[in-house]
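User: Hey, I'm new to this one. Can you walk me through it?
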Amino acid sequence: MDKAGDINDPAPPSPPSSSLPSHHEPLEAPYPPGSLDGATASVDYTALEERYPLYAKFGQELGDTPLIELPGPDGGAAVLAKCEWENPAGSIKDRVAYALLGSALQQHGDRPLDELRVLEYSGGNLANALSQLCAELGVRSRFVLSSASPRSLLDTLAARGARVDLVDKERGFLDVVREALRIAADEPEWTLLYQHRNPANALLQERTTGAELAAQLGGRVPDAWVASIGTGGTLVGVLRALRARFPAVRAVGVTPAELPYGSEQPPNGQRKYAGSGGMGHGIRQPFVTLHDAEVEHRTVSYPRAFAAMGEFHDLTGLRIGSSAAANWLAAKETAAALPPSATVVTVLPDAGTPEEWEQLGR
Ligand SMILES: Cc1ncc(COP(=O)(O)O)c(C=O)c1O
C-alpha cells in the first residue's frame, strides 16, 4: 500500500488563515495525505462504553445492517448492498459519529462531559447522528453546514440544542470544511472531530461495515466493491476488510459528475448527490489517496441519482437516498461488464430526506 505521509501526526493540521481566500483562488489541500495507522487511531470503545451507558446503548444499536440483492443488469453480475438506514439515527454516518465522538471522549479523559464541546462539518447525516449522541450524553455540539441543508435537518439540530454555522452553498463543500478549520483555530475550546483525517472514521468502517459484509457474503466471493466517496472512509475501510479475505476484489469510487474526484475545477454550488465529496482545486480525499493506484472511479450526476431514487422505489418499494441511488447506478454499470456468476457489492448509506421524497411526489 502506498503511504504518502502521516495523518496521525498529533499536531493539528496547519491552521487556515482566518480570512478565507476567494473561491476562485487555488487552495492548498486543508489536509495532507498520509497513513491511517498509528497511536491516535486506537480508541478503547469497551472502556468508553463501560463509562458512558448511553454511548454503549448507541453502540449496541449500531450496525449488523441487512445485506440485500438489488435489481441488477440483465445478463450481468448480481448486485448486493448493505441497508444503512437501519442504524439508530438512520444512516451509515451513525457508525462514524460513534467513532469520532469516541476519539474525542478518549482525549477528554476524566473531565466532566459538560466541559466537552465538539465541532464538526457535515453534509447532513453526520450532524444528525452526532447531535443525537451528544444530546443524549450532555455534550455540546456545533456544526458547520452548507446553506443548502434541508429544513428538516436544521429543525432537528435546533431541537437538540446544537449550534449551527451555515456557509453559502455557492462556495461548495471545501469552504464548509475550511470554515470548521477556521473556527477550530480561532476558538480552541471547540474540539474539531475532522472526519476527513480522523483515522477512527475509516477504522470503524473497516471493523464494522467491512467485517459484517465479509461475513454476510457467506461463500460468495465479491468481484467488485462500489462506494460513493464523501471522506472515503466507507470506500477505504470496507475495502481493507474485504481485501483481507478476498485479495482480488476491485474497488470503485463514486463521485459527483458536477465535481469528480480530484477535479482541478474550483468548487461550485451545483447540487450534488448526498454526502458527496466533490472538493475541487485538485484536492483528493486523504483516505482515498492511500489507495489511489487501486481505485477505479465513476461519476453520477444529481439529476441521474435523483431519478434513480424514484426508479428504485418503483422497483422495490424501498426508499433510498441519492448517494445510495448513485451507488446503485455505478454498481449496475460495473455488474453489466461481468458475467452472471460474479458479485458486485455496495452500500445504501441512507433513505433520503423528507424534502427529496416530497419533490418526488411520494
Ligand atoms: C448519504 C451519504 N452517502 C455517502 C457518504 C459518504 O461516506 P464517506 O464519508 O464514508 O465517504 C455520506 C457521508 O456523509 C453520506 O452522508
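This is a predicted model: local features need pLDDT of at least 70, side-chain atom pairs count only at pLDDT 80 or more; totals for chains, interfaces and linings use all residues.

User: Okay, what is tyrosine 55 in contact with, leaving aside its neighbours within four places in sequence?
Analyst: Tyrosine 55 is in contact with Tyr45, Leu48, Glu49, Tyr98, Gly102, Leu105, Leu133 and Leu137.

User: And which residues of the largest nonpolar core touch the most other members?
Analyst: Tyr55 is one of them, and so are Tyr45, Leu101, Leu105, Val118, Leu130 and Leu137. That core has 36 residues.

User: Where does the largest share of this core come from?
Analyst: From H3, which gives eight residues. Helix H3 covers 93–108, and among the other elements that supply at least two residues each are helix H4 (125–137) and strand S4 (140–146).

User: Why does this core lie between domain 1 and domain 2?
Analyst: Because both domain 1 (51–86 + 208–359) and domain 2 (93–192) give residues to it. There's a second, separate core too, with 33 residues, including Ala81 and Val300.

User: Switching to the sheet: what order do its six strands have?
Analyst: The order is S1-S2-S10-S7-S8-S9, in an open sheet with mixed pairing. S1 (67–70) and S9 (295–300) are at the edges with a single partner strand each, so one side of each has no neighbour in the sheet. On average, neighbouring strands are turned by 30° against each other, direction ignored.

User: Do S7 and S8 pair in the parallel or antiparallel sense, and over how many bridges?
Analyst: Parallel, over five bridges, with S7 at residues 224–228 and S8 at residues 250–256. Valine 226 stands opposite valine 252 in S8.

Key. Residues are numbered from 1 along each chain as its sequence is written. Side-chain values use heavy atoms; hydrogens and water are left out. Two strands pair if DSSP finds at least two bridges between them. Helices (H or I, at least four residues) and strands (E, at least two) are DSSP runs, numbered from the N terminus. Axes are lines fitted to C-alpha atoms, for helices over the stretch in contact, and angles run from 0 to 180 degrees between N-to-C directions. A nonpolar core is a set of buried Ala, Val, Leu, Ile, Met, Phe, Trp, Tyr and Cys residues joined through side-chain atoms within 4.5 Å. Buried means under 20% relative accessible area, exposed over 50%, partly exposed in between (1.4 Å probe, protein chains only). Domain bounds come from an automatic or database domain assignment. Contact means heavy atoms within 4.5 Å.
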